[in-house]
Amino acid sequence: MRIIDGTIAGTIRTERPIASGTNGERRPAALIFLVLLWLSLVVAFGVLIALVVTIIIDGQGQFSWRLFTEFPASSPDRAGARPAILGSAWVIATTAVMTIPLGIAAAVHLEEFADKRNWFNRLIELNVQNLAAVPSIVYGLLALAFLSMLGVRDKNIVMAGALALSLLILPVIIIATREALRAVPSEIRQGSLALGATQWQTVWRQVLPSSVPGIATGAILALSRALGEAAPLLVLGALVFLSFDPNGLLSGYTTLPIQIFNWTGRPQEGFHALAAATSVLLLFLLVIMNGLAIFIRNKFQKRW
Amino acid sequence: MTTVASTGGPAIAPDRPTPPISYFAGRPRPGEFVIRLLLRIAAAITVVTTIGILIALTIPSIGFFAEVPVIEFLFGTRWAPRFADASFGVLPLVTATAWTTFLALLVAVPLGLGAAIFLAEYASPRLRKILKPLLEILAGVPTVVYGYFALQFVQSTVFREWLQLETGAFSVLAAGLVMGVMIVPTIASISEDAMSAVPQAMRQGSAALGANRMQTTLRVVFPAALSGIVAAIVLGISRAVGETMIVAIAAGNQARLVANPLEQGQTMTGFIANAALGDSRVGSIEYDTLFAVGLLLFLITLLINFISIRFVRKFREAY
């Protein structure tokens with residue numbers, strides 16, 4: 001009886017009964033379990049730290065402005081990633097222009113207009129979920145086959161790469177936008193409709209403006225995924241020795257991840273160092289993009 | 001059971017899901033039909049993409065299977081598409097993919113579930129807010145950078161220099177283990193969602209019966225969230241099967257049946273990436289081979305994805 005009393009008393013004393021240290025939390029098994037949980041986090045972050053340290057140490061000899069100003073060369077000490085940086089900028093900008101409006105429009109249809117009782121809309125939804133998990137290299141094959149059908153001989157053009165990446169991140173943007181739209185309370189919509197606005201006016205003037213932070217966050221994260229992606233571009237033949245700046249949608253290009261892949265595959269140590277230095281640059285860009293996304297989310301997102 | 005008349009007012013059948021808010025909205029203004037049509041087209045493009053993938057992969061594959069019998073492709077044990085005596089048995093690619101996927105899961109399942117349990121059941125809201133984005137970084141690292149890390153650090157420094165393992169320049173093991181780390185956030189975040197969705201009352205009930213947090217987690221929360229956890233792992237498998245750059249860089253490029261993870265091997269994705277580097281003429285057997293392997297890859301991941309989506313639905317419905 002006293003034991004039961006003690007247990008109950010212990011439970012009442014603490015604010016979070018589940019977290020109370022009294023009922024068996026200090027048993028060896030429970031402690032080992034907790035240590036294992038910590039260990040899984042420590043190992044995961046340990047690998048991340050090892051990765052960052054590796055590329056910084058390997059690349060330290062090659063951090064210089066040359067990376068930004070020089071073209072790839074046959075000697076690692078004269079080579080730079082200038083066309084890859086510009087190529088990444090071109091491809092990502094083109095991808096953004098093509099895919100963000102499309103993704104938002106599709107998400108608005110699915111979330112605001114589509115009748116979920118309609119089989120076609122349910123099919124679209126299932127389809128988007130599946131597309132988000134299709135291997136990225138398959139999008140490369142899709143773009144390759146599409147361009148072959150059109151009879152395009154030279155597939156290593158900015159437009160082709162952007163097409164593959166756009167299709168790749170379209171489901172990501174749709175899913176993020178839908179979540180942002182869903183976060184807008186339905187009272188806002190009802191209020192607008194009750195004042196006589198049409199449904200499109202409600203979406204355009206109420207729902208979309210208040211979900212801009214969420215959409216922007218999702219779009220930036222999707223673009224950062226596209227920035228790090230190499231496989232579909234590899235299939236499209238983006239692995240080339242480029243001695244000029246990409247300058248248009250039909251221009252040849254290479255991107256940062258492709259350049260890293262290229263240099264990693266060379267036998268000379270000097271190129272590995274270049275690959276590591278370029279990896280640091282790429283990671284830095286991604287951290288900035290992710291930081292921006294998190295900043296927008298924390299700063300501008302409305303809480304109802 | 002009443003049926004909803006197509007032109008009628010807001011009469012809703014009680015046994016159907018609630019209609020969208022548009023059901024209650026007034027009549028759109030004239031130009032808005034055009035806008036709605038455009039939105040509908042945008043959504044339909046996703047379906048067009050899937051159909052496009054199927055067509056893009058199937059048409060060259062038909063050309064391929066006209067020359068190579070399906071049975072020989074699926075069950076042949078020698079993959080040498082570019083040799084003079086070409087052979088198109090895909091099993092070497094499939095076994096290498098199976099190895100890297102298995103090794104990746106060996107890392108990702110314990111680490112991902114451990115992280116998920118910690119975040120869902122043990123971490124304070126503040127700690128969770130810090131740890132979650134940090135964990136997401138693992139998913140944000142570009143796969144080429146993981147590939148570099150697997151090749152230069154794990155394979156060449158750890159395996160060859162520190163552990164003195166009998167292995168060459170590449171190994172399936174290095175690629176698989178690093179891939180596992182990449183998948184940790186995928187498994188962790190979906191499992192955590194599933195565990196967080198388990199009602200608090202079940203934890204309280206368990207605690208009231210005298211269970212500690214470990215017992216509550218393992219015997220109450222974990223079984224209750226099982227379908228979500230399975231979905232997370234299945235999605236992790238899909239990621240591992242489709243991952244390209246890590247294996248293209250670190251697993252090697254000789255297609256042969258892999259018996260030992262310290263050997264090199266070429267996965268399905270690794271083959272596509274490597275073969276695409278050489279310039280194949282449209283319509284040639286080399287070109288068609290890319291798509292035949294791509295089709296197999298797509299069908300495998302499609303199957304896995306649908307299994308995962310089914311399990312996710314199940315846990316969404318449960319609570």
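## A tour of chains A and B

Begin by selecting chain A, which has 12 helices and 0 strands; here helices (H or I, at least four residues) and strands (E, at least two) are DSSP runs, numbered from the N terminus. What you have open is a predicted model, in which local features need pLDDT of at least 70 and side-chain atom pairs count only at pLDDT 80 or more, while totals for chains, interfaces and linings use all residues. Residues are numbered from 1 along each chain as its sequence is written, and chains are lettered from A and ligands numbered from 1 in the order in which they are written.

**Chain A as a whole**

Read from the N terminus on, the elements of chain A run α-α-α-α-α-α-α-α-α-α-α-α. Along its principal axes, the C-alpha trace of chain A spans about 85 × 60 × 35 Å. The radius of gyration of chain A is 25 Å, whereas a compact globule of 304 residues would have one near 19 Å; this radius is taken over C-alpha atoms, and the globule rule is 2.2 Å times the number of residues to the power 0.38. Of the 304 residues in chain A, 48% are buried, where a residue is buried if 20 or more other C-beta atoms lie within 10 Å of its own, exposed if 12 or fewer, and partly exposed in between, with C-beta atoms placed from the backbone.

**Two helices in chain A**

Next, select residues 186-194 and 199-228 of chain A, which are helix α8 and helix α9, and you will find them packed at an angle of about 145° with their axes 9 Å apart. Axes are lines fitted to C-alpha atoms, for helices over the stretch in contact, and angles run from 0 to 180 degrees between N-to-C directions. The crossing in which α8(A) passes α9(A) is right-handed; a crossing is left-handed if the near helix is turned anticlockwise from the far one by less than a right angle, and right-handed if clockwise. To see the contact itself, show Ile188(A), Arg189(A), Ser192(A) and Leu193(A) of α8(A) together with Gln199(A), Thr202(A), Gln206(A), Val207(A) and Ser210(A) of α9(A), bearing in mind that two residues are in contact if their C-beta atoms, placed from the backbone, lie within 7 Å. These residues divide into 3 nonpolar, 5 polar and 1 charged, where Ala, Val, Leu, Ile, Met, Phe, Trp, Tyr, Cys and Pro count as nonpolar, Asp, Glu, Lys and Arg as charged, and the others, Gly among them, as polar.

**Across to chain B**

Now show both chains, and look at the contact between them, which takes 85 residues from chain B and 85 residues from chain A. On the side of chain B that touches chain A, helix α1 (residues 32-67) of chain B gives the most, with 18 residues. By class, that side of chain B has 56 nonpolar, 22 polar and 7 charged residues.

The C-alpha atoms of chain B fill a box of roughly 70 × 60 × 35 Å, taken along the principal axes, and buried residues make up 49% of its 319 residues.

**Stops within chain B**

Select Gly89(B), which lies in the loop between β2 (87-88) and α3 (91-122) of chain B. Is this residue buried or exposed? Gly89(B) counts as buried, because it has 20 C-beta neighbours inside 10 Å.

Move on to helix α5 (residues 143-162) and helix α6 (residues 172-196) of chain B, which pack at an angle of about 130°, with their axes 9 Å apart. The two helices are therefore oblique to each other; angles under 35 degrees count as roughly parallel, over 145 as roughly antiparallel, 65 to 115 as roughly perpendicular and the rest as oblique. The crossing of α5(B) and α6(B) is right-handed, and their contact has 10 nonpolar, 2 polar and no charged residues.

In the loop between α5 and α6 of chain B, select Gln164(B), whose phi is near 55°, a positive value in a residue other than glycine. Gln164(B) is exposed, because 8 other C-beta atoms lie within 10 Å.

Finish at Lys314(B), in helix α12 (residues 285-318) of chain B, which is partly exposed, with 14 other C-beta atoms within 10 Å.
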